[in-house]
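Keep to what can be computed from the atoms or read from the record.

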Amino acid sequence: RTYDDPQIFSHRTVLVRSDLNVPMDEGTITDRGRILASAGTIKSLAEAGARVIVMSHLGRPKGAPDPQFSLHPLAPELAEAIGRDVVFAADTVGDEATTKAAALGDGEVLLLENLRFNSGETSKDDGERGAFAKQLAALADDFVSDGFGVVHRKQASVYDIADLLPHYAGSLVRAEVEVSDRLLNSPQAPFTVVLGGSKVSDKLGVIDNLIDRADNLLIGGGMVFTFLAALGHDIGSSLVEKDRIGDVKGYLKRAEGGGANIVLPTDIVMAASFAADAENWVRPVAELESTQAGAQGLGLDIGPESAKAYAEVIADSTTVFWNGPMGVFEFPAFAAGTKAVAEALTNKQDTDSSRLTVVGGGDSAAAVRTLGFSDDEFGHISTGGGASLEYLEGKTLPGLEALA
Ligand code: 3PG
């Protein structure tokens, strides 16, 4: 269920499930993307005169209060993003939250403490989850589901609560679903999928579901080495998932039989060790085994020739979905591949309206921002990590199912 006019929530108390799970480094937020993306719905509800209660998780606390995962530092950030005050409650369904929720006036916003401080949120037990959902539901008149990043979780504030209140998809969830649907069901050719990150096992479902829909599948990141191992290359001490080599061989075969054109790097930036200042050198893939005397090294980025080739394929594509960095972009010496891909995605963004470029996943979104790109240089930066991958795998997501 959706709403076209937020005025329907005027004078009503609305629980909004956002995904404010932002990366933190010693109490400091390192990427505000999810706060900014969540702000639109919260702001429009408050402007329409709703009494808004925002709820979210942060990190993975173990079902009990844990100060390092408090949402308290996010309250001023959210206030800045929505341009109005945000009251904070240091619990979710206790006295403080209940009192502050009841005291909300039209247009006021309350942020609850981390939902996962209550074991009912993530419980596998339907009864325990249901009981927590019931306590949350008692705070409000309506439920707006807007945490796209968490819709793949069957959790109290995402799934169970929809049974208990009139429920609606928020504008962020709607926008994310629309873009993901375009990728899955009506991508304009050429459609290129760029996958990186360290583990191929995280991407098997997406490869499986997109290999027959995409024209090109560009592979980068640590997962390259499982592909190279499947092709019989010597990969030195690079990361490999031996138990996935069989799956990868299957995909290479499907690609040959008419699936997407799977493109692997032709050169690799090798390093003597996993460190920012490690000695490094470029090796053609065909010569990986004959790296520096004695030390075989490990691959930490796609090489310059590959980066150029990937950028060309991306520039010539009308639809591009990218998930996962091409290398260890956190170390400047190994960031060039990821940078080249990001740059190619931003290409023609202003001049070609048929072009859709989507950056999916928390890591990739953080990568482009770390590398100095701004969100509006891309068609869409998804707030979903696991959620967008599972959507593109074709899975039914509990948080979306609950809204049907
Ligand atoms: C994410 O970061 O992908 C979402 O916030 C979900 O978090 P989770 O994987 O801890 O459920």
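## A ligand between two domains

Domain 1 (6-172) and domain 2 (179-392) both give residues to the shell around the ligand, so the ligand lies between them. The domain bounds come from an automatic or database domain assignment. This is a predicted model: local features need pLDDT of at least 70, side-chain atom pairs count only at pLDDT 80 or more, and totals for chains, interfaces and linings use all residues. Residues are numbered from 1 along each chain as its sequence is written.

The shell holds Asp 19, Asn 21, Arg 60, Gly 149, Val 150, Arg 153, Gly 362, Gly 385 and Gly 386. A residue is near a molecule if its C-beta atom, placed from the backbone, lies within 6 Å of it. By class, the shell has one nonpolar, five polar and three charged residues. Here Ala, Val, Leu, Ile, Met, Phe, Trp, Tyr, Cys and Pro count as nonpolar, Asp, Glu, Lys and Arg as charged, and the others, Gly among them, as polar.

Now the two domains themselves. Their C-alpha centres lie 34 Å apart. Twelve residues of domain 1 are in contact with ten residues of domain 2. Contact means that two C-beta atoms, placed from the backbone, lie within 7 Å. On the side of domain 1 that touches domain 2, helix α1 (residues 33-47) gives the largest share, three residues. That side divides into six nonpolar, three polar and three charged residues. Helices (H or I, at least four residues) and strands (E, at least two) are DSSP runs, numbered from the N terminus.

Next, the record. An unreviewed UniProt entry annotates a "binding site" over Asp 19, Leu 20, Asn 21, Arg 34, His 57, Leu 58, Gly 59, Arg 60, Arg 116 and Arg 153. UniProt positions are given in the numbering used here, feature names are shortened, and annotations may be inferred rather than shown by experiment.

Take Asp 19. This residue sits in the loop between β1 (13-17) and β2 (24-25). Asp 19 counts as buried, with 28 C-beta neighbours inside 10 Å. The cut-offs are simple: a residue is buried if 20 or more other C-beta atoms lie within 10 Å of its own, exposed if 12 or fewer, and partly exposed in between, with C-beta atoms placed from the backbone. Beyond four places in sequence, Asp 19 touches Arg 34, Ser 38, Ser 56, Gly 147, Phe 148, Gly 149, Val 150 and Thr 383.

Arg 34 lies in helix α1. With 25 C-beta neighbours inside 10 Å, Arg 34 is buried. Its contacts, not counting residues up to four places away in sequence, include Asp 19, Asn 21 and Thr 383.

His 57 belongs to the loop between β4 (51-55) and α2 (74-82). It too is buried, with 26 C-beta neighbours inside 10 Å. Among its contacts, not counting residues up to four places away, are Asn 21, Arg 116 and Val 150.

Arg 153 is in the loop between β7 (142-145) and β8 (167-169). Its count is 21 C-beta neighbours inside 10 Å, and Arg 153 is buried. Past four places in sequence, Arg 153 contacts Val 158, Pro 398 and Gly 399.

A further "binding site" annotation from the unreviewed UniProt entry covers Lys 203, Gly 299, Glu 330, Gly 361, Gly 362, Asp 363 and Ser 364. These residues span 162 positions in sequence, and the farthest two C-alpha atoms are 22.9 Å apart, so they do not all gather at one spot.

Gly 299 is part of strand β14 (residues 298-302). Gly 299 is buried, with 30 other C-beta atoms within 10 Å. Ser 364 is in helix α11 (residues 362-370). Ser 364 is buried as well, with 28 other C-beta atoms within 10 Å. Leaving aside neighbours within four places in sequence, Ser 364 is in contact with Trp 322, Asn 323, Gly 324, Pro 325 and Val 359.

Five of the five residues of β16 are buried, so the strand is largely enclosed by the rest of the structure. In a regular strand the side chains alternate between the two faces of the sheet. On one side of β16 are Leu 356, Val 358 and Gly 360, on the other Thr 357 and Val 359, and all are buried.Five bridges join β16 to strand β15 (residues 319-323), and the two run parallel. Strands pair if DSSP finds at least two bridges between them. Trp 322 stands opposite Val 359. β16 also pairs in the parallel sense with strand β17 (residues 380-381), over two bridges.
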